[in-house]
Amino acid sequence: MYRMKPEYYTGVDLIDREHTRLFELADETYELLHDSFLEYKTDRIVSLVSELIDYARTHFAHEEAYQKSIQYPYMAEHAAQHRQFEDSLTEIDLDSLSDDFEEQNETIESILEFLINWLVNHILKVDMLLVGK
């Protein structure tokens, strides 16, 4: 469902590969949302959010190193957006996840909506500035 599209490619191989993985994680989140056979999704939600946080931090470190290497003039602003993304994910209250199937799905839906909106907007409106597209 969620895939890296041609318009999301920056032309920087490492960044594009890592963006692809972030879309794969979004797709895994989508698949979890639509998995009607799994009645208890809490463990998988926790795992996905943890992986998203860890992978995003790795990706952001690489992207910020690239910015430094090209002397990108808006590094501080760009990094601040990365920190906001991380903060939003770490603010998800995973300790109080409900055992209720519908509430679990609402949580997954919320995570997915945030992830996709942020990822697409950030790539198209901010990351593309790195490569002049």
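Guide: Helices (H or I, at least four residues) and strands (E, at least two) are DSSP runs, numbered from the N terminus. This is a predicted model, in which local features need pLDDT of at least 70 and side-chain atom pairs count only at pLDDT 80 or more, while totals for chains, interfaces and linings use all residues. Residues are numbered from 1 along each chain as its sequence is written, and side-chain values use heavy atoms, with hydrogens and water left out.

Visitor: How many helices and strands does the chain have?

Guide: The chain has four helices and zero strands. Along the sequence, the pattern reads α-α-α-α.

Visitor: Let us change topic. How many salt bridges are there?

Guide: The count is eight salt bridges. A salt bridge is a side-chain nitrogen of Lys or Arg within 4 Å of a carboxyl oxygen of Asp or Glu.

Visitor: Why would such side chains pair?

Guide: Side chains of opposite charge can pair when their charged atoms come close.

Visitor: Which residue does Arg3 meet?

Guide: The side chain of Arg3 meets that of Asp27 in a salt bridge, at 3.3 Å from N to O. Arg3 lies in the segment before α1 and Asp27 in helix α1, so the pair ties together parts that are 24 residues apart in sequence. Arg3 is exposed, at 51% relative accessible area, whereas Asp27 is buried, at 10%.

Visitor: What about Glu28; which partners does Glu28 have?

Guide: Glu28 forms a salt bridge with Arg21, at 3.1 Å from N to O. Arg44 also forms a salt bridge with Glu28, with the closest N and O atoms 2.9 Å apart. Because Arg44 lies in helix α2 (residues 42-69) and Glu28 in helix α1, this second pair ties together parts that are 16 residues apart in sequence. Salt bridges that share partners join Arg21, Glu24, Glu28, Arg44 and Glu51 into one network.

Visitor: Finally, where is Asp100?

Guide: Asp100 is in the loop between α3 (75-90) and α4 (101-130). Its relative accessibility is 36%, so Asp100 counts as partly exposed.

Technical notes
Buried means under 20% relative accessible area, exposed over 50%, partly exposed in between (1.4 Å probe, protein chains only).
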